[in-house]
Amino acid sequence: MKARLSAALIATIFTVALALNGCSSKSNTGNDAASAAKTLTIAISTDPGTADGQMTTEEYLLPLNLFDRLVEVETTGPGQSKIVPGLADKWDVSADGKVYTFSLHPGVKFHNGEVLTADDVVYTFDRMLNPKTKALNTDFLDMIDGAKERMDGKADATKGLQAIDKNTVQITLAAPFAPFLAGLATPGVGIYNKKATEAGGDKFGQEPVGTGPFRLKKWEYNAELVLEAFPDYFRGKARIDQIIAKVIPSADTQRLEFEAGTIDVFDLDGARTQIPYFRDNAKWQSQVVSGPRVGTYYYALNQAMKPLDNLKIRQAIQYGINRELLLEKFYYKTGVPAKGVLAPGLAGYNAALPGFTYDPEKAKTLVKESGVASPTIDIWQVTDSADTLKINEAVQAMLGEIGIKVNIKQVDSATWSASRKTGNQIAMYHSSWSADFNDPDNFLYTFFAPNNSVARSFNEKNAKVFESLDKARQVTNMAERYKLYQDAEKLVVYDDAAFVPLFHLEHLFVVAAKVKNFKVSWNGWSNMSYYGIKVE
Amino acid sequence: MNHMAELSEELELQGTTFLGDVWTAFRRNRLAMAGVLLVLLLLIVAVFAPWIAPHDPYKVNLTDQFLAPGGKYWLGTDMYGRDVLSRIIYGARISLVIGLVPTLVSTAIGTLLGMTAGYFGGRTDGLIMRLADIVLAFPSLLLAMVVMYTLGASLINIFIALSIVGWAGMARVVRAQTLSLKEREFVEAARAAGVKPWVIMRRHIAPNCLPQILILMTLAIPGAIMSEASLSFLGVGAAPPTASWGLMVSNGREYLLTAYWNSVYPGFAILLTVLGFNFFGDGLRDALDPFLKRQ
Amino acid sequence: MLRYILSRIPVTIAIIIGITAVTFFLLNVVPGDPVALMMKEHINPETIARVRNEMHLDDPAIVRYGRFMWGAVQGDLGRSYKLNRPVASLIIGALPNTLKLTAAALLVAWVVGIVAGVLSAVKQYSAVDYGAMAFALLGVSVPIFWSGILLQYLFGLKLGWLPISGMKDGLRSLALPAIVLGWASAASIARLTRSSLLEVMRTDYVRTAYAKGLRDLPVIIRHALQNSLLPVVTVMAMQIAGMLSGSVITESIFGIGGIGRVSVGAIQARDMPLLQGAVIFAAVLVVLANLLADLAYAFLDPRIRYD
């Protein structure tokens with residue numbers, strides 16, 4: 001019995017050795033066959049889990065490539081964008097800004113062969129608002145007339161959604177809301193096929209049916225996803241045959257895979273310290289693709305907590321942080337210092353703001369003038385965010401020099417989010433925000449509307465800010481709206497020093513030579529549509 | 001196994017000879033001696049860290065970011081311009097504490113529960129050992145991860161997590177020892193004389209479990225150090241800027257190809273320490289083994 | 001034999017229930033709001049309150065535990081917050097990769113451990129002894145995430161012999177992760193082999209065999225190794241628990257979609273139902289391996305009869 005055990009052991013070793021050899025020759029031929037098809041191989045650090053954009057607020061690879069929206073955002077230049085027709089060829093907005101009428105492109109086919117109708121659009125939006133769906137992206141649609149009743153379970157349909165005829169959809173809002181159209185271009189509001197979605201039920205997120213340029217071919221959870229070009233795509237078949245997205249959690253491993261040539265794109269956001277290597281390396285420097293991120297890195301200061309209730313202390317922080325040095329040492333100058341809340345490229349961005357120069361002497365004086373004896377601030381952050389920690393530790397040293405003692409308090413993300421919500425526990429924190437849609441409302445209202453200002457631990461109390469933000473939502477003249485947002489921005493950053501702008505960063509990728517036409521998407525997100533890409 | 005008692009009687013009679021014999025056997029094993037040296041080195045570095053370290057391990061100085069080894073900084077600097085050597089030296093303290101505290105706590109709990117279970121038997125035994133079975137069923141890192149998830153990342157919580165994970169193995173071994181010791185004449189005699197159970201455990205059972213406990217402890221210490229490194233890698237370990245070796249290796253991994261000194265040197269520190277304790281523990285077991293089994 | 005198997009079943013069930021209770025209550029005393037977490041930065045307080053309510057998160061823990069257990073016995077472990085999929089199907093999907101990795105790593109651990117153990121026992125207190133044991137201990141002395149990336153760099157990128165990550169190349173893909181994970185578990189097997197071998201070699205019958213003039217090697221193989229392998233088989237369950245611990249990190253480094261990867265993903269996303277399911281599943285796997293090892297022991301060793 002026992003002799004057999006050791007014999008079996010030896011036999012197994014031989015089998016393994018033989019199998020290893022056998023596999024090596026097999027895999028070589030496999031690679032040859034694959035290279036005939038035009039394939040883009042990318043790496044993603046987590047499995048997106050669902051293709052259903054209504055059910056996620058961050059995993060947009062699948063929603064962007066498998067689905068289309070009524071309108072789309074087109075990147076017109078670095079950080080520049082405009083709203084262009086998507087599934088809707090054209091649209092009208094009523095004079096009072098409440099009724100939107102969309103004409104659908106005729107004959108658009110879903111991956112299952114069905115033809116897109118107005119009913120599909122109504123179904124999709126109603127599904128988002130249906131409480132049974134438990135959707136997470138209701139924010140983009142909850143201004144529709146009857147949305148509140150639908151979400152509260154008091155209605156079986158959404159009053160403001162109407163299919164006028166086969167190709168016409170009419171959406172009525174409860175009140176005018178200027179950014180509505182921009183919100184419809186966000187990845188979470190792709191249009192679904194009623195029949196396939198209902199049939200899919202709980203599994204729709206795993207077996208999605210859209211109208212998009214790619215369709216899901218294979219999904220091995222936590223291993224890889226294969227998307228293939230949809231031949232009947234209404235704008236014409238994509239120029240690549242398939243996308244393979246490998247799930248590789250470790251950025252180090254992704255980088256090795258990229259250098260070995262097994263993936264075609266390496267996202268430097270996950271490994272910023274590798275920027276100098278790729279940028280200064282003769283082989284790679286021409287392959288680095290960069291684009292602005294329509295987003296802002298910042299510190300939030302909580303005015304409800306000591307010593308940040310003191311304006312001079314808050315102002316001292318504005319002047320006491322060396323933004324240029326942080327940009328140089330941690331981001332290798334791939335960005336610019338920020339002067340306000342809004343980012344370049346965003347509608348309503350105010351380039352005329354003066355900004356803050358690093359002035360430790362002025363900051364020291366401000367701390368003295370504040371009358372606060374030995375001010376101490378806890379900066380909170382979540383434990384497993386190395387990038388945040390880098391900035392916090394450096395800022396800890398900088399503020400120490402101007403006479404403000406900083407403790408970095410690390411908590412797990414559950415505690416962090418629960419504490420921030422209360423508005424009275426977190427004194428100061430570092431974070432970033434990037435645009436969901438191209439409108440200043442997405443930044444300023446999200447941060448400084450009365451409820452949000454508490455929930456994000458700013459506790460800005462300036463009535464003039466609230467007034468501007470509220471008014472800006474009702475006004476339909478864009479120039480007038482942007483002015484209102486810019487007024488609010490000046491108040492929170494320069495008068496009240498509630499918001500410490502740090503920088504706007506570029507988003508860098510390294511791309512294999514065979515990949516052409518790779519563009520960073522308008523807002524600089526990692527997830528993008530790969531429809532325009534070519535592979536040689 | 002059941003010769004522990006005789007061993008102990010022998011130990012009481014001729015303690016010096018026993019220790020002398022163990023030492024002789026231990027000294028023959030060069031690996032074990034190397035282990036002792038490594039552990040001693042760790043102790044010295046840890047105790048005298050403030051005098052040995054050339055720089056402040058926590059001082060951020062961005063202009064000195066990522067300097068290569070040599071010159072002012074023997075082992076280079078990290079991304080904040082902090083001295084890697086000084087951080088490794090201070091890290092010795094943290095690693096020692098991370099190795100020792102959970103091991104001592106889990107040994108205390110494990111010994112107490114193991115003796116109780118073995119001595120009283122019956123339901124007490126059943127309850128304690130089923131609890132141990134439950135703990136042992138969890139892959140230890142997963143259980144520690146769950147505990148850290150619940151408590152949040154900090155040094156104290158690492159102690160708690162690793163103690164919760166560690167006691168069960170100790171309890172099993174001590175229980176088995178207790179079961180056999182319970183039948184020995186000197187224990188039965190004490191019991192017949194009306195000595196209280198706790199006193200018997202303290203006077204007669206615990207000292208006789210000591211060699212086994214010592215072996216397990218020397219091997220648990222490196223385990224705890226490695227667990228801390230793993231937890232740090234998963235982002236639920238010691239909270240930065242703590243100069244823990246695990247955290248240094250885990251954070252420095254990103255620069256392995258561009259600034260290798262950030263992870264390679266702390267990695268060596270872990271390697272030598274863990275090897276040291278393992279050599280020491282294995283040597284101790286080897287040296288004690290013949291005595292434990294002697295007729 | 002059958003009676004022995006039957007006698008083990010109630011205990012096993014009790015332990016499994018204990019495992020679920022420990023995991024559930026540990027994870028449910030977590031402060032904070034899973035709904036806020038799953039929506040990250042882009043949140044709206046009203047949406048949070050609504051979804052919380054729909055997920056019954058405001059019920060008392062004991063009620064939720066009851067609901068969880070009722071679902072669990074029907075094979076329903078709840079739905080992942082982040083991935084919005086049934087936890088059970090995610091775990092079942094990850095299982096084959098974990099089993100493959102564990103089996104391959106176990107093989108590496110046995111080969112390295114037994115070879116090192118035999119060499120060091122036969123040549124006790126020699127350079128061979130020290131070298132073999134040091135080699136076996138090296139694996140447990142280096143953090144897996146560190147040795148992993150070094151091997152990836154060397155064999156994957158520089159030499160190009162083996163794939164850097166993934167599971168697409170069959171056994172070739174398994175080679176690096178199995179070496180990293182298996183080597184880390186080899187030390188305890190080497191120790192066990194060594195000490196039981198030393199013990200056997202001190203017994204009379206081996207000494208007799210020596211006295212009869214047999215050469216070293218056959219003696220060891222025929223007598224000593226056979227007897228010393230038995231304890232190695234019985235610690236297999238403990239080994240599997242250790243492997244599952246190690247696979248948490250190995251799978252992340254090598255991009256393998258197994259149970260360990262599922263758990264880490266769940267930790268990072270604070271996805272409580274998924275973490276709970278994965279941890280419980282891993283623990284139950286160990287309990288079953290334990291049961292199997294006990295049965296194998298009873299079957300292999302004719303001296304042991306459990307009745």
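**Close-up 1. Strand 4 and strand 5 of chain A pair in the antiparallel sense.** Five bridges link strand 4 to strand 5 (residues 99-104) of chain A. The model is predicted. One bridge pair is Trp91(A) with Phe102(A), the latter in strand 5 of chain A. Helix 3 (residues 118-129) of chain A packs on the sheet. This helix touches strand 5, strand 6 and strand 7 (168-172) of chain A. Its direction makes about 175° with that of strand 6 of chain A.

**Close-up 2. Four strands of chain A form an open sheet.** The strand order is 4-5-7-6, and the pairing is antiparallel. Which strands stand at the edges? They are strand 4 (88-93) and strand 6 (161-165) of chain A. Each has a single partner strand, so one side of each is left without a neighbour in the sheet. From one strand to the next, the twist averages 20°.

**Close-up 3. Helix 3 of chain B has buried residues and, on the other side, exposed ones.** Helix 3 (residues 30-47) of chain B has 18 residues. From first C-alpha to last, the helix reaches 26 Å, close to the 26 Å expected at 1.5 Å a residue. Its buried residues are Leu31(B), Ala32(B), Gly35(B), Val39(B), Leu42(B) and Val45(B). These residues cover an arc of only 145° around the axis, which puts them on the same side of helix 3 of chain B. On the other side of this helix, which residues are exposed? Leu40(B) and Ile44(B) are.

**Close-up 4. Domain 1 of chain C meets domain 2 of chain C.** Chain C is divided into domain 1 (16-87) and domain 2 (88-304). The contact takes 20 residues from domain 1 of chain C and 18 residues from domain 2 of chain C. On the domain 1 side, helix 1 (2-28) and helix 2 (34-38) of chain C each supply at least two residues. Helix 1 of chain C gives the largest share of that side, six residues.

**Close-up 5. Chain C has 13 helices and zero strands.** From the N terminus on, its elements run α-α-α-α-α-α-α-α-α-α-α-α-α. Chain C has 307 residues, and buried residues make up 51% of them. Take the contacts in chain C between residues at least 6 apart in sequence: 71% join residues at least 24 apart.

**Close-up 6. A cis peptide bond joins Lys306(A) and Pro307(A).** Omega is about -5° at this bond. Pro307(A) sits in a loop of chain A.

**Close-up 7. Lys333(A) has a positive phi although it is not a glycine.** The phi value is about 60°. Lys333(A) lies in the loop between helix 10 (323-331) and strand 14 (335-337) of chain A. Is Lys333(A) buried or exposed? With 12 other C-beta atoms within 10 Å, Lys333(A) is exposed. The cut-off for exposed is 12 or fewer.

**Close-up 8. Ala497(A) has a positive phi although it is not a glycine.** Phi is about 45° here. The residue is found in the loop between helix 17 (478-495) and strand 18 (499-511) of chain A. Ala497(A) has 22 C-beta neighbours inside 10 Å. A residue with 20 or more is buried, so Ala497(A) counts as buried.

Definitions and conventions
Residues numbered from 1 in each chain as written. Chains lettered and ligands numbered in written order. Predicted model: local features only at pLDDT ≥ 70, side-chain atom pairs only at ≥ 80, totals over all residues. Pairing = 2+ DSSP bridges. Axes fitted to C-alpha atoms, helices over the stretch in contact; angles between N-to-C directions. Contact = placed C-beta atoms within 7 Å. Expected span 1.5 Å × (residues − 1). Arc of directions from axis to C-beta. Domains from an automatic or database assignment.
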